[in-house]
Amino acid sequence: QVQLVESGGGSVQTGGSLRLSCAAAEYAYGLNWMAWFRQVPGKEREGVGAIYTANGYTIYADSVQGRFTISQDDAKNTVDMQMDSLKPEDSAMYYCSSGLYGGAWYEPGRYKYWGQGTQVTVSS
């Protein structure tokens, strides 16, 4: 069964913007933390940012602070991430996750549910 579905990825040039959306199954939404991760081949999955859906608190990796913004829409069971001022180093497969069951928000092994990913490519 599908827990989360990401969309909105694509190819942009440096400085461009994309808005990713994560559509969650009802049971996978609003549990506590929902997070965005990204991964490139040969590297560990990296936490990009997260939102605590009970109150909308957000936190971001230093590498995207000030450029990415995570938001939630409880009516739609979605979590979005607006990505501005994109850089080539932002290129990755982006994943949405939910159901943190302990540890820190940026630890991918702590999340119960995952989407299939959406590719973001930023060209220079």
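Some ground rules. Because the model is predicted, local features need pLDDT of at least 70 and side-chain atom pairs count only at pLDDT 80 or more, while totals for chains, interfaces and linings use all residues. Residues are numbered from 1 along each chain as its sequence is written, and side-chain values use heavy atoms, with hydrogens and water left out.

Let's start with the disulfide. A disulfide is a covalent bond between the sulfur atoms of two cysteines. Here it is called when a pair of cysteine sulfur atoms lies within 2.5 Å. That rule gives one disulfide. It joins Cys22 to Cys96, with 2.1 Å from S to S. The angle about the S-S bond is -80 degrees, so the link of Cys22 and Cys96 is left-handed. Cys22 sits in strand β3 (residues 18-24) and Cys96 in strand β9, so the pair ties together parts that are 74 residues apart in sequence. Strands are DSSP runs of E, at least two residues, numbered from the N terminus. Both Cys22 and Cys96 are buried, meaning under 20% relative accessible area with a 1.4 Å probe, protein chains only.

Next, the cores. In soluble globular proteins, nonpolar side chains tend to be buried together. A nonpolar core is a set of buried Ala, Val, Leu, Ile, Met, Phe, Trp, Tyr and Cys residues joined through side-chain atoms within 4.5 Å. The largest one has 28 residues, and among those touching the most other members are Trp36, Phe68 and Met83. Which strand gives the largest share of this core? β3 does, with four residues. Met83 touches Leu18, Leu20, Phe68 and Tyr94, among others, not counting residues up to four places away in sequence. Contact here means heavy atoms within 4.5 Å. A second, separate core of nine residues includes Trp33 and Tyr111.

Now Tyr113. Its place is in strand β10 (residues 111-114). Is Tyr113 buried or exposed? Tyr113 counts as buried, at 12% relative accessibility. Leaving aside neighbours within four places in sequence, its contacts include Leu4, Tyr27 and Cys96.

Last, two loop residues. Asn77 is in the loop between β7 (68-73) and β8 (78-83). Its phi is near 55 degrees, positive in a residue other than glycine. Ser85 is in the loop between β8 and β9 (92-100). Ser85 also has a positive phi, about 50 degrees, and is not a glycine.

Methods: Buried < 20%, exposed > 50% of the residue type's maximum accessible area, 1.4 Å probe, protein only.
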